[in-house]
Amino acid sequence: MGTPTRRKAHLLLLVAVVLVSSPARSSPRGSPATFGPVFEDQPLGLLFPEESTEEKVTLACRARASPPATYRWKMNGTEMKLAPGSRHQLVGGNLVILNPSKAQDAGVYQCLASNPVGTVVSREAVLRFGFLQEFSKEERDPVKTHEGWGVMLPCNPPAHYPGLSYRWLLNEFPNFIPTDGRHFVSQTTGNLYIARTNASDLGNYSCLATSHMDFSTKSVFSKFAQLNLAAEDTRLFAPSIKARFPAETYALVGQQVTLECFAFGNPVPQIKWRKVDGSLSPQWATAEPTLQIPSISFEDEGTYECEAENSKGRDTVQGRIIVQAQPEWLKVISDMEADIGSNLRWGCAAAGKPRPTVRWLRNGEPLTSQSRVEVLAGDLRFSKLSLEDSGMYQCVAENKHGTIYASAELAVQALAPDFRLNPVKRLIPAARGGEIAIPCQPRAAPKAVVLWSKGTEILVNSSRVTVTPDGTLIIRNISRSDEGKYTCFAENFMGKANSTGILSVRDATKITLAPSSADINLGDSLTLQCHASHDPTMDLTFIWTLDDFPIDFDKPGGHYRRASAKETVGDLTILNAQLRHGGKYTCMAQTVVDSASKEATVLVRGPPRSPRRRSGEEHWRHHRPAQLEPRLRQPQPHCQVHPASPHSTCREVEAGSDQSRQHRGQRRDCPGAGPHALDGLRVPGRSQQHPGHLGSPAGPLAKSGPRKQPPQWRPQDSAEGVEPLESSSSTGRPCPGSTRTETASATCCPSAGRAAPAGRPPGCPAPTPSTSSTATTACGPTRPSRSRSAATTAAGTGPRASRRWCTRRRKIRYWKAGDKEAAADRVRTAGLDTSARVTGLHPNTKYHVTIRAYNRAGTGPTSPSANATTMKPPPQRPPDNISWTFSSSTLSIKWDPVVPFRNESAVTGYKMLYQNDLHPTPTLHLTSRNWIDIAVPEDIGHALVQIRTTGPGGDGIPAEVHIVRNGGTSMMVENSAVSPAPHPSAILSPPVVMLLLAGYLGL
């Protein structure tokens, strides 16, 4: 044990080794930490006022790359010459334009970032110049109308870009015209409308137009125009709409849409809005001259109507809103590694309205179909990849509303076989008489040709030895002569390599003393013996199960004890046996190479008592008459049937007699017995010691139908779960297989003084018309109806059970590719679940999966095996270089983005856990960027923050920082407070496979 100082030194050395040995993202040439440009900051469109006093415009561009990227710029598709001393300068990756002018600099700009891996092109940024000229200096003509009539005063705004907002002045500033039901200023044309004039409207009017740009505002006034009113016209007249919205209005999803409608009339008309082909949202229902939809969606598309109404009549106008959308990605490309000579298909897909077109770029240049490359809209296909195909690729989707880019790197690999990451296991134990599979999985591109040898002998396929196409060596019926050194040789045109392992044959595990079936009484104790022989060099473990469920020996107050005297003895002791301890016991002796098992049945008998109340369903048996079987008897009781009605008279067969001894209980037989034939039956007990005495009868049997059958279908085609159901109507899919109709066969005993009708055995009562319950089940998530109908038999109308039994549950078995199926783990589902969540798997690993359906009656056949591969693990590095700044009520935190290696899953965002000294309960924040702003109280002293990556592979390692409001520096230089990394298997998301029974495995 060293001193603390020495231990610290050892720890630092270990951390350094881990950091040095961590896998890095590799390039096609295998250089560590080499990758193509990935944009972190791209230029944005800019509106620059022509009259601005600013002397420059900056368009941003920054990319993450290794080696670092160099930058170029294009204007209107032509590469710019950025010479020193010119008006266009490159500062880092940013483009700075000095003394910008509309004539020279208005246009579309793009940034190109390059390094030895390839080139990517940024999105387009449009530089526009805003302006607003002055109104004409000419005097405006006066406007004359009769008092009581409506009038419109035109604004005639000057040339401008972008749009303007409008107001009107009456006589002097700032006497603005009010917005009321009688006055309306159109924000489309700037015109002023007065629905009905009166004496107060006399005066001089001026139009005020205002331009709002990114960082400036400008307003201009028109010359005054005089409004003169002639003699009042007191007549009433119907509405006439003067300010009309267009017949078609186009809008992008998320934009605000405004429709204008204003009418002249006397009295002043009232405005109403409605949607002709749908309902208008109550929040937009208004009597104002404008209808505003703040954030329009596709559901808002349709025809809208404005109605102006007064006491003299009404006027309407209609127009259609057509909603469109910029392109949006549905599927994007991601970085890809591919072997030289292999084929590759890449795809991307985008939504938008109009439908976007898709094109491809390679290293910033347009890519078209060639001899080995096929470009089909969103599909890019390569045949026989070569090293020249490596580079940066971009999928570009565009419509008239915009363009979006998705970028990814293609690394074509040419690698000699390399066993350093996946060597053949050095020591390979195997059981004599068993089977072993030895994988050979070198890293190689293209795929290596594999040969196996034992010593100096090259192995070829035989009845016992097989080399699979993927290079795995399989040896069957292993014997001592198979021991030795086995070498895998791998070769491609880049080189060759080999790896050796030693096969050690061990003695097979055998059960030497198997457990014996037993018949015991309630409260007795029992020891089930289980001894095994095994190879002494290996550990032996005994596993006991009851009805295939593992026995928990550690349960407090449990009834099970395990013998631990010798390693080869695995005896099981049951103390104070209860009824639930009866069943099938399995003893499995297991080593790391093989296992052996034996079974025994234990029957636990109870004391004499009234037979327990059981549902009639429990007494139905497949293809045999219904029988009443007291399960717990001591000593052997007899049973007698008490019929529920005079029509149920049947002969008794006592348990213990020759004709029923094989059934161990009372049986009654009736012809035509249906699912309700057991209703109301009561069963008393009779002891062999007291044959003349009957015990108290059990309660009447519950109503029931025929015995359930185990599933007879293999999960493969059904799209939904399967189970017997009993609720309201269903449109679900019917269960596989045909409906089974079961009728209880029986022999009827005669009733005194009753003649047997023709066609029936003598003494049989005539069938009584009745109805039976028929359950029609469907396999969907909805439940089918239970209907009641009369069933017709050859003898007339009588009860008949017609039921299709489905399953409520499934068993899922899964095992790692290369492992034996016998070592598979199991998961069970319940209810209508059509998926199962399996945890504790290895990341980025292929698994085989099978499924079996089961119900209370048993287990059905196994589905065909399917494959599922777990996700790559999340990045094993926390965010670093965390910095923060405080404002009065906001905390801004920023950190360096985490770049995943090729063997790690992508980062789609970050999770931040925030806790301060005023509110100890932490809050979770999500962001897709590498910064976040949080609203905080002004009086907090310090806070604790944890930041980690998140993505399809799960959550990464957190970085933890303590933030003090007045603590000096706000930069975390090193991650001294990083939480320890969880083992990949402990991270929930990466090794979790959602086994979609209904989809992926076609259940």
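Keep in mind as you look around that the model is predicted.

**The protein overall**
- Of the 1003 residues in the protein, 43% are buried.
- Among contacts with a separation of 6 or more, 66% are between residues 24 or more positions apart.

**An open sheet of 3 strands**
- The strand order in this open sheet is S50-S55-S54, and the pairing is antiparallel.
- Strand S50 (526-528) and strand S54 (560-562) are the edge strands; each has a single partner strand, so one side of each has no neighbour in the sheet.
- On average, neighbouring strands in this sheet are turned by 20° against each other, with direction ignored.
- If you zoom in on S50 and strand S55 (residues 572-574), you will find them running antiparallel and joined by 3 bridges.
- Thr 527 has Thr 573 of S55 standing opposite.

**A stop at Ser 386**
- You can find Ser 386 in the loop that lies between strand S35 (379-382) and strand S36 (391-399).
- Leaving aside residues up to four places away in sequence, Ser 386 touches Ile 340, Arg 372 and Val 412.

Technical notes: Residues are numbered from 1 along each chain as its sequence is written. This is a predicted model: local features need pLDDT of at least 70, side-chain atom pairs count only at pLDDT 80 or more; totals for chains, interfaces and linings use all residues. Side-chain values use heavy atoms; hydrogens and water are left out. Two strands pair if DSSP finds at least two bridges between them. Helices (H or I, at least four residues) and strands (E, at least two) are DSSP runs, numbered from the N terminus. Axes are lines fitted to C-alpha atoms, for helices over the stretch in contact, and angles run from 0 to 180 degrees between N-to-C directions. Buried means under 20% relative accessible area, exposed over 50%, partly exposed in between (1.4 Å probe, protein chains only). Contact means heavy atoms within 4.5 Å.
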